[in-house]
Every structure is written in C-alpha cells, then in structure tokens.
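Notebook open, structure loaded. I want to go through the strands, a helix, a couple of residues and the cavities.

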Amino acid sequence: MLRFRKQRGFLYPLLPPADDLASPPLEAIAHAQASVAVPSTIRFTLTPAPSSLEAVTRRLFRHQENRLARQERWGLPEGGLRSTLNRAEMANASRAQNRGLFWLECVVAAGTHETCLQLAAAVQARRGENRLHRRWMPVRQQLYRRRFATAITPLVPSPRSLISAAEAAHLLALPTARMKGVPVRRITIPRIPMPPEIFRSPAERTVLVPMDRQEAA
C-alpha cells in the first residue's frame, strides 16, 4: 500500500496550466489498472476542511506575493514578480483561492509492491506547479493497512494534504468517451428515467408555490 500527498505546500496547486484539452487523470489511472490485469484499488478520500483555513490560505498567498515584490525593490538577484516562472506560478496559484478546501487521502493498494509502484506512476504522472508525492511509512505501515478497509482518515492530516475544490475536480474528473482499451459500462440513456414510485402531480392540477419562494425568485 502506498500513500500520497503534495510535494510542495498548499500554495502550489495540482492544477496544470492551460490543460483543457488533456485527458482527465482518472483516464490514465484506468489504463494503468487495466494493463496490470490484477485486482487493485486507487482511492481518493476527501474530508471537508474548516472554512477558517480559507483565510489562512489567502494570507499565505498575499505573503508570497509581497515577498516576491520585495525582491524587486531590494535589488536582490531574484526576478520577483517580473520573473516569467514566478508570474506563471502565482497565476496558477490564484485558481485555487476562494474555494472550498478538503483534506486529501490518496491511497494505492494492490497484491504486490511492484503492482503498487506501477499504479503509482500513473497517479504521479500528471502535474502542474505541484505533484503528488509518495509518503514513506516505515513505522505506521500496519496501522494504515488496518485502516484501509474502513477508509479511516488520519486524525491529524498533513498540511500538504490540503487541496482546493478546483484541484479535487481536476483529480476526479470522469474519463471522456474517447477512452479506449478499458472495459467500462456506459449508459446510453441521456437522462435516467424517474422511478415509478415517485408521486406525480396530474397535468391539470395547479401546483401552488409558497410566498417565500416567489419572493426569492
């Protein structure tokens, strides 16, 4: 079993810049699982983080901006905000601001360690200013193996496990219809039909809307 977290701090998101046309990460993971042809599990567990952390992340973002701006005024050899790399990193970091936050627990489990390493390569393949980094567990390996069956998250999560809702949407985006080579059952019905147990109002009956909802509309 392997566990992952961010390699760098929260300020640097897992979002790749200008990657709208690339395939979702789950597509590469599905191909990797199909290629190993053995039972395996890759689990992303999201736990909502306190809303107070959003203010902390904004302060960290402003602190980094101010630090880069001071580098320009004090004549340091660094490029500051005029550096192309720094501007790109800060622009991408702004995409993770003012969004909901989650603690991420990413686990890869398989029958052998070699299979876990093959699947881990697919998990770590996609990267932006940040990437998922393997966590070493020389002491707590058996503890997390026992917790895996019940999906119990750590009591004290690592600060590098904090991700934004934009990063979670990127990691968990569904594979596209062009994914080939993976046996996936697809539903061709554009909309799931309503179950017959649900009560339907007759067409000739007028449904009254409460006044508070009318005012809200």
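My entries follow, one topic at a time.

**Ground rules.** I am working on a predicted model, where local features need pLDDT of at least 70, side-chain atom pairs count only at pLDDT 80 or more, and totals for chains, interfaces and linings use all residues. Residues are numbered from 1 along each chain as its sequence is written, and side-chain values use heavy atoms, with hydrogens and water left out.

**Strand β3.** I looked up β3 (101-110) and its partners. Helices (H or I, at least four residues) and strands (E, at least two) are DSSP runs, numbered from the N terminus. I count two strands as paired if DSSP finds at least two bridges between them. β2 and β3 run antiparallel, joined by 9 bridges. Pro 48 has Phe 102 of β3 as its bridge partner. β1 also pairs with β3 in the antiparallel sense, over 3 bridges, and there Phe 4 has Cys 106 as its partner. On to β5 (residues 162-164): 3 bridges join this strand to β3, again antiparallel. Here I find Phe 102 opposite Ile 163.

**Helix α3.** I checked residues 84-93 and found Asn 86, Glu 89, Met 90, Asn 92 and Ala 93 buried. They line one face of the helix, because seen down the axis they fall within an arc of 165° (the arc is that of the directions from the helix axis to the C-beta atoms).

I found Pro 24 in the loop between β1 (2-6) and α1 (25-36). Why does Pro 24 count as buried? Because its relative accessibility is 9%. Leaving aside neighbours within four places in sequence, Pro 24 is in contact (heavy atoms within 4.5 Å) with Arg 126, Ala 173, Leu 174, Pro 175 and Thr 176. His 170 is 146 residues from Pro 24 in sequence, yet their C-alpha atoms are 7.1 Å apart. Glu 27 sits in helix α1 and counts as buried too, because its relative accessibility is 8%. With the neighbours within four places left out, I list Pro 175, Thr 176 and Met 179 as contacts of Glu 27.

**Cavities.** I searched the whole structure and got 3 cavities of 30 Å³ or more. On a 1 Å grid over the protein atoms alone, a cavity is a set of points where a 1.4 Å probe fits but cannot get out, and lining residues have an atom within 4 Å of a point. Grid points are joined across faces, edges and corners, and the volume is the space filled by probe spheres set on the points.

The largest cavity has a volume of about 110 Å³. I count 14 lining residues, with Pro 25, Val 123, Arg 126, Leu 132 and Leu 171 nearest its centre. α1, α4 (113-123) and α6 (165-171) each supply at least two of the lining residues.

The second largest cavity holds about 80 Å³. Its lining includes Met 1, Arg 3, Tyr 144 and Phe 148. Which element gives the largest share of this lining? I find α5, with 3 residues.

Note on methods. Buried means under 20% relative accessible area, exposed over 50%, partly exposed in between (1.4 Å probe, protein chains only). On a 1 Å grid over the protein atoms alone, a cavity is a set of points where a 1.4 Å probe fits but cannot get out, and a pocket is an open set with protein on both sides within 12 Å along at least five of seven lines; lining residues have an atom within 4 Å of a point.
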